[in-house]
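Here is a short tour for a reader meeting this structure for the first time. Please look over the sequence and the 3D view before reading on.

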Amino acid sequence: MGANIYKNKKPLFLFLLPAFIFMIVFLYFPFFKNIVDSCMKIKQLGTSGEVWNEPWYSNYTKLLTDENVRTSLKNTLIMTIVTIFGQVGIALLLALMVDNIKRGAKVFRTLFFFPIVVSATALGLLFNLIFLYDTGMINQLLTMFGRQELIDWKSEKWALFTMMLPVMWQYVGFYFVIIVTGLNNISEELYEAAAIDGATRLKRIWYITVPLLHNVLCTCVVLAVTGSLKVFDLPWTMFPKGMPLKSTFLTGTYMYYQTMIVKDVDYGCALAVMIVILGVVLSRIVNAIFKEKDY
Amino acid sequence: MKKRKFSVPMAVIYTLLCFWALTTVYPIIWVVLNSFKAKNKILENSFALPMGELFTLANYRKAFTNLNIFGAYKNSIFISSMVCAIVILLAGLASFALVRYHFKLKNTLYMLVVAGMMFPAFATVIPVYTMEASWGIAGTKNWWLSMLSVILPQVAGNLSFAIIVLTGYIRSLPIELEEAAFMEGCGSIQIFFKVIVPLTKPSFATVAIFSFLWSYNDLFTQMFFLRRPDIMAITRLLNELTSNEGTDYGLMAAAVSLVVIPVLIVYIFMQKYIIKGMTAGAVKG
């Protein structure tokens, strides 16, 4: 019977066409056009390229010799590692702790998740004030604890730290909620059985929680890696144009910089292609390391 | 029954949890308190409460006169509501068809949807801009067209996620209700609006919240399409503020507060749905 009522296929087009036209026109077509554009000369944003670059792959040879590309790749990889260990790691610790308490789990969930809802741009402004040299919240705190000289958080030495800390901090709550949901799905009986057999609390975590959480953690790591490639708002607000001395570029912010500030649009396209390739490679690696298992 | 008693490990756990909670909450409280102080007072002692002589509304006065905050809010809310509405409608229709109808290209189309999640905005934004410029939508003086130029790519960016969440839910609905509606003489369009939509409400809420917040907070697309002051949305305005008034810390604190407080209020009342909405796509995989 089920198939009968939907036998008439005429309305099908009406249902499917709008969504798929949107996806083809605004995702698939631009995606491939972008690859073509990266090999053409484009004078300014908003115009199409008419002639090919000489030679057509010149933007890609430029990628290999561009020092800023190296900086941005290096920073992005650092960001990936920070997100994996910082975001997912801290989230896991917090989740294990919340799993053990009797009261207040809901409150912590609400509080931890809050930063995700706030726009990263607003947080960028906020952290600009917090890390202000003369004198923001952190430096005021340090002075209160007796430190003599102020730390310039935006200097070359500290810039990467100052940029990545807020990015990491913002999304901990996101992974926290995912992991807590995973923990709640583990049945109480397993823990009880282990406790009867004499397993200590730490042993229970190591032999029951961690293996059963494996797939959830996999999802988190994949999300953290793909997420780290999309970071744009907060770094661009705190460190526009790769300040100081172009040392804080990420792949995304560098692509924007080349397109909108330097106005080398076709080179921006090539950088975008590089971001896609980087994403594919990184998620392959992560999948190979953390294979999903069936229990 | 175990007796409730104070234990050291528990105390340590609560302390650590409270510490993290403090880091997520205190910065916001700090900036709101400081938005009521003059610039130089913030720099001297940002931990003092803004009372007595310290208290001033000057930052807010300046924010409302110098910045077009209300205009930016209006633009933001318009863009995000439209994105949200269009995504719900189109994704709903497509998911219904993808689940209930059987046809040759079904699996191919579903693959297209899943693959659509993989494209980062960086990889499509330049050709999309070129295309919209050639249609006369992007980079024009017209307010409606400028709004449209942001709405279109944002809708496309959210459709994949929405369709994946909605197909998952519609698949779990019993088909008997639709059969009953069919026996009563409903066509498939009527079945969609009268049976599927009401039953899928929770999932629609998830999708709505996700796409609204995503669009509201997205800076990257706005940086490309909204470059004139009168069409700026809220995140774009904040970004502009850092480059133009980067040293007026009081004004910055006021602007951040004005942007964060409405979100905070909405979050307090709808946090259950918001948390679910923001993590739904992830948990489903």
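## Where the chains meet

Two residues are in contact if their C-beta atoms, placed from the backbone, lie within 7 Å. The model is predicted. The contact between the chains takes 80 residues from chain B and 79 residues from chain A. On the side of chain B that touches chain A, the largest share comes from helix 13 (residues 249-284) of chain B, with 15 residues. That side of chain B divides into 60 nonpolar, 17 polar and three charged residues.

## The nonpolar core

The largest nonpolar core holds 166 residues. Which of them touch the most other members? They are A:A19, A:F176, A:I179, B:V87, B:A91, B:L159 and B:A255. Helix 4 (residues 69-100) of chain B gives the most to this core, with 15 residues.

Take A:I179 from that list. Neighbours within four places in sequence are left aside here. A:I179 is then in contact with A:A91, A:L92, A:A95, A:L213, A:V216 and A:C220.

## Helix 8 of chain A and its partners

Start with helix 4 (residues 67-100) of chain A and helix 8 (residues 159-184) of chain A. Their axes come within 7 Å and cross at roughly 40°. That angle makes helix 4 of chain A oblique to helix 8 of chain A. The crossing is right-handed. The residues of this contact divide into 20 nonpolar, four polar and one charged.

Next comes helix 11 (residues 214-230) of chain A. Its axis and that of helix 8 of chain A come within 10 Å and cross at roughly 160°. The two helices are therefore roughly antiparallel. This crossing, too, is right-handed. From helix 8 of chain A, the contact takes A:Y171, A:Y175, A:I178, A:I179 and A:G182. They meet A:V216, A:T219, A:C220 and A:G227 in helix 11 of chain A. The residues of this contact divide into six nonpolar, three polar and no charged.

## An enclosed helix in chain B

Is helix 6 (residues 125-135) of chain B largely enclosed or largely open? Eight of its 11 residues are buried, so helix 6 of chain B is largely enclosed by the rest of the structure. The buried residues are B:V125, B:I126, B:P127, B:V128, B:Y129, B:T130, B:M131 and B:E132.

Just after helix 6 of chain B, B:G136 takes a positive phi of about 80°.

How values were computed:
Residues are numbered from 1 along each chain as its sequence is written. Chains are lettered from A and ligands numbered from 1 in the order in which they are written. This is a predicted model: local features need pLDDT of at least 70, side-chain atom pairs count only at pLDDT 80 or more; totals for chains, interfaces and linings use all residues. Helices (H or I, at least four residues) and strands (E, at least two) are DSSP runs, numbered from the N terminus. Ala, Val, Leu, Ile, Met, Phe, Trp, Tyr, Cys and Pro count as nonpolar, Asp, Glu, Lys and Arg as charged, and the others, Gly among them, as polar. Axes are lines fitted to C-alpha atoms, for helices over the stretch in contact, and angles run from 0 to 180 degrees between N-to-C directions. Angles under 35 degrees count as roughly parallel, over 145 as roughly antiparallel, 65 to 115 as roughly perpendicular and the rest as oblique. A crossing is left-handed if the near helix is turned anticlockwise from the far one by less than a right angle, and right-handed if clockwise. A nonpolar core is a set of buried Ala, Val, Leu, Ile, Met, Phe, Trp, Tyr and Cys residues joined through C-beta atoms within 7 Å. A residue is buried if 20 or more other C-beta atoms lie within 10 Å of its own, exposed if 12 or fewer, and partly exposed in between; C-beta atoms are placed from the backbone.
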